[in-house]
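The following note sets out several points for discussion.

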Amino acid sequence: MDTPWGIKDSAKLYNLKGWGQEYFKINNRGHLCFKSERKSRRSVDIKTVVDDITARGVQLPVLIRFQDIVRDRVVRLNESFLSAIKEHNYKGRYFGVYPIKVNQLREVVEEILDAGERFNIGLEAGSKSELMAVLAMNSPSSLTIVNGYKDAAMMRLACIGLKLGKKIIVVIEKPNELELLLKTAREFGVRPVIGLRCRLSSGGSGKWATSTGHGAKFGLTTPELVAAVKRLRQERLVDTVKLLHFHIGSQVNNIQSLKDAVREGARIYAKLRKMGVGLEYLDCGGGLGVDYEGTNKASDFSMNYTLDEYVRDVVYSIQEVCTQEEVPEPHIVTESGRSLTAHHAVLVVNVFENIAVGSVLDAQTKKSKENRVVEEMRDIISGLTVENLNESYHDGQQRLKEAETMFQLGFLDLEDKARAENLFWNLCREIHRLIPRAESIPQELRDLSKMLYDQYLVNFSVFLSMPDSWAIDHLFPIMPLHRLEEKPDRKASLVDITCDSDGRINHYCSDKKVSRALPLHALRGGAYYLGVFLMGAYQATMGDIHNLFGRVNEVHVFRDDQEPGGYYIEEVLRGQTVRDVLASIQYSEFELVKMIKHAIETQVKAGRLKRREGVDLQNMYEDMLHDYTYIDNELPPPPVGVHNEKEHKAKASSKKSA
Ligand SMILES: *Cc1c(COP(=O)(O)O)cnc(C)c1O
């Protein structure tokens, strides 16, 4: 029972296996490591990487991308399809297509294309600008799928792609898009390759399941499908219809919904084949989930199936319908984005303060002469037993109220008031400690634990770095990157450095349970790093600028056994500086500096500031425009006038060249 805490206990507490998909492990220094492949025994110590990049002058918060994990995800998905196809003796092939909206960063897209080259992985574009990027990157031997709202310009782009010899499939989602495509293709003198998106009646499941059913925004209804085929017959273009597409939403949490959708899609495919439409591909869209909770159940941030199960069900369901309908088995396309990208990115933040309730002042040591309320508060604590928890709590509340009233009337000094408050929180903590032994616990005391959580102040902005956490209370796994050989003995919720009340993370998952606080270690000076995991999908920073913090720094890490530490850093993308952020809202550096100069000049002329001090102030202001927008815990520059100008310049230039 009293075996000391070990790294295995931490792995279990933070449910590393559940959400980490074996990409992470804890080493015997108690540091969290990432593995480039699930099966690999080699790993990279994330704490070492963080120490390394901070030593290079990259400040936190930082988004670390483990590019190897993206590669492994691509390989895993493709190999899973290959083996299911072999196992079922399926006649068609598999073509993965990556929808770049999920993570548009060029390095990520390139990594996916590179790792997926031998599987002919393709790309999907859902907007004009995405299509522009995709046209440039996609190879002629893989598919390019065009979805989303399509105007004349988008159709022209698609035709340009066809002229360039790329395999572009324009998916028709609305009846009028067909006419637009036919007209544009005629103008360009190309034969289009057409996909039809059908609207299924079987819906998705989970938070993002909104795009099916009769009220859906996208997809052709059955009559529209039939009409489109007729229209293409008229034009003698029915042989250009190659693909049938559906998409039931992202993060489908229940495998049953997926199976139903695939069956329905396969049925429509079969019927169209029987009408003489030469469809070759069945595109099952996205939806393959990521288990953010790690609980393997059909809840919003989890899923009740595995990747392999999903793949087998897709292959088998299509096969079953095709056998029944006696039509050829189509090539299978899926558009998985989340499942490929989520695991590779971790946001690293540092905790720099604990806002614990009632811990600022030592209330244990008794003062020689204390006010009556303070003494009574002490008596309540010493008289506390499992039997009188509720009563003692009420007594404590009453004394606290009394202390407040006495203070307002001038009968209590500030120090005694502070003591009374602190003792009250001590009482609450004691009660909380005894609660597990009590027979029945009133609701009031149950709620007590919420008041007792520490608040850890973290150097980041939830709104900017975790937009989904902010907007839809998305749950992400969070855990310390080090000290994992130690038992985390505090429970804390995380708050950010912006001043709004939304700047906190509301839900955590530990011990396979979702709760309002996370077990963490007591702060003891020095850095305490936390990782927010599975941040690689749909978390691109918003274009908005909140509180003038900006985009966070990013680094790209690869495993390499030749390097000390077993990794190398390929790229550091600097986050925004104060200057960048201000410039994007029309404050130019030049103008700002000019205005400050003017203000300084005025003070100097009036004799309120020495010229020398004015120069220092100006330099300092200019330097700060080039600083990172997040909290910089480096020592502040010495006060005005104390340091000499040369030193100051040297520091500034070393900072720039770093
Ligand atoms: C967003 C989207 C996807 C990606 O879905 P995931 O669940 O992230 O894999 C695929 N297809 C279409 C049409 C989409 O809109």
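Predicted model: local features only at pLDDT ≥ 70, side-chain atom pairs only at ≥ 80, totals over all residues.

In which loop does Arg483 lie?

1. Arg483 belongs to the loop that runs between β15 (478–480) and β16 (490–496). With a relative accessibility of 9%, below the 20% cut-off, this arginine counts as buried. Its side chain makes a polar contact with the side chain of Glu486, at 3.0 Å. Beyond the neighbours within four places in sequence, Arg483 is in contact with Gly30, His521, Ala522, Leu523, Arg524 and Tyr528.

2. The whole structure contains 12 aromatic pairs. One of them joins Phe95 and Tyr281: the ring centres are 5.8 Å apart and the planes stand at 70 degrees, so the pair is edge-to-face, an arrangement that requires an angle over 60 degrees. Phe95 is in strand β5 (residues 94–99) and Tyr281 in strand β11 (residues 281–283), so that this pair links distant parts of the chain, 186 residues apart. Both Phe95 and Tyr281 are buried.

3. Tyr292 and Phe476 form an aromatic pair that is also edge-to-face, with 5.6 Å from centre to centre and 90 degrees between the planes. Because Tyr292 lies in the loop between β11 and α11 (307–325), and Phe476 in the loop between α18 (467–472) and β15, the pair ties together parts 184 residues apart in sequence. Tyr292 counts as buried, at 0% relative accessibility, and Phe476 likewise counts as buried, at 2%.

4. Two further arrangements involve rings. Trp19, Phe24 and Phe533 are linked into a cluster by ring pairs. Elsewhere, the charged end of Lys417 sits over the ring of Phe407, at 5.2 Å from the ring centre.

5. Which residues of helix α13 (residues 372–382) are buried? They are Val373, Val374, Met377, Arg378 and Ile380. Viewed down the axis of α13, the buried residues fall within an arc of 155 degrees, and they therefore line one face of the helix. The face turned away from this buried side carries Asp379 and Ser382, which are exposed. The cover over the buried residues of α13 includes α14 (389–409) and α15 (414–434). At the start of α13, a side-chain oxygen of Asn371 comes to within 3.0 Å of the backbone nitrogen of Val373.

6. Val604 is placed in helix α20 (residues 589–605). Its relative accessibility is 14%, and Val604 therefore counts as buried. Setting aside residues up to four places away in sequence, Val604 touches Leu609, Lys610 and Arg611. Val604 and Gly614 are separated by 10 residues in sequence and by 7.1 Å in space, C-alpha to C-alpha.

7. Which of the 15 residues around the ligand come nearest? These are Lys101, Ser250, Glu335, Gly337 and Tyr538. A polar side-chain atom of Glu335 lies 2.5 Å from a ligand nitrogen atom, while a polar backbone atom of Gly337 is 2.7 Å from a ligand oxygen atom.

How values were computed
Residues numbered from 1 in each chain as written. Heavy atoms only, no water. Helix = DSSP H or I, 4+ residues; strand = E, 2+ residues; numbered from the N terminus. Buried < 20%, exposed > 50% of the residue type's maximum accessible area, 1.4 Å probe, protein only. Polar contact = N/O pair within 3.5 Å; in protein donor to acceptor, adjacent residues only side chain to side chain. Contact = heavy atoms within 4.5 Å. Phe/Tyr/Trp six-rings, centres within 6.5 Å; stacked < 30°, edge-to-face > 60°. Lys NZ or Arg CZ within 6 Å of the ring centre and 35° of its normal. Arc of directions from axis to C-beta. Near = heavy atom within 4 Å.
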